[in-house]
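The questions and answers below take up selected points in turn.

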Amino acid sequence: MRRLDQILANLGYCSRREARAFLKAHTVATAEDERWFDPSEKVDPASVYVDGEPLDQPDGLLVMLHKPLGLVCSHDPREGSSVYDVLPPRWRDRNPIVTSIGRLDKETSGLLLLTDQSALVHRLTSPRHHVPKRYRAIVDRDLPPGLEAVFAAGTLQLEGEETPCLPARYEACGPREAVLTVTEGRYHQVRRMFAAAGRCTVLSLHREQFGDLTLGSLGPGQWKLLPLTTFSP
Ligand code: URA
């Protein structure tokens, strides 16, 4: 049981200060229509309905987004349109905050996970957990032979980094197209790996897999909720 104003504020419906007015303006009630007006009321979140709808993901959320090109993974509005703009506006005000699990560059598309579960963020972004992330890249010149061995060796050194990249799996799909599966998430990692090992520039980059997850039929800009247990050990 938790205070109603705290529940509403943590899920982004209103601030704690606004809770009294929110309870006047909206029907916050049980399924049996027992309505609450007192923000200090202690209730079970599972029994709360707002204007007839159950609370929005009261136990936390995990989302798969097909990130389109052109959006940044940042909460800072000065950085331009962001992935948070395509999610429900109420989620911006949740506490704990909804964040992406790792980031994709503005000009990278594909599978992006977002959650309010900080333990999950830490687990899935830690290189120690070796979560494979599979990227499809198109580059500006023919890919040289021998890249598979270079990426697999675990010795590729990127400029400004102290340790070499962990081994990555490379598969050429065409003269200028390849998929690369990495288990880390360094800054611009895939673009820098192709630049360092293949002397080429990545023109298009798309993440098609994260762990066992793929986008399936999700189109660019579309998202879906995943069970919180998706990555349970
Ligand atoms: N590697 C990159 O270079 N960019 C991304 O967005 C993700 C991985």
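Q: Leaving aside neighbours within four places in sequence, with which residues is Leu 180 in contact?
A: This is a predicted model, in which local features need pLDDT of at least 70, side-chain atom pairs count only at pLDDT 80 or more, and totals for chains, interfaces and linings use all residues. Residues are numbered from 1 along each chain as its sequence is written, and side-chain values use heavy atoms, with hydrogens and water left out. Contact means heavy atoms within 4.5 Å. With neighbours within four places set aside, the partners of Leu 180 are Lys 133, Arg 134, Tyr 135, Phe 151, Ala 168, Arg 169, Tyr 170, Val 190, Met 193 and Phe 194.

Q: Which residues of helix 5 are buried?
A: Helices (H or I, at least four residues) and strands (E, at least two) are DSSP runs, numbered from the N terminus. The cover over the buried residues of helix 5 includes strand 8 (108-115), helix 4 (147-152) and strand 12 (202-210). Within helix 5 (residues 189-198), the buried residues are Gln 189, Val 190, Arg 191, Met 193, Phe 194 and Gly 198.

Q: Is Asp 51 buried, exposed or partly exposed?
A: Asp 51 lies in the loop between strand 4 (49-50) and strand 5 (53-54). Although not a glycine, Asp 51 has a positive phi of about 45 degrees. Its relative accessible area is 43%, so Asp 51 is partly exposed.

Q: What is the omega of the cis peptide bond that joins Asn 95 and Pro 96?
A: Most residues other than glycine have a negative phi, and most peptide bonds are trans. Pro 96 is found in the loop between strand 6 and strand 7 (99-100). The bond joining Asn 95 and Pro 96 is cis, with an omega of about 5 degrees.

Key: Buried < 20%, exposed > 50% of the residue type's maximum accessible area, 1.4 Å probe, protein only.
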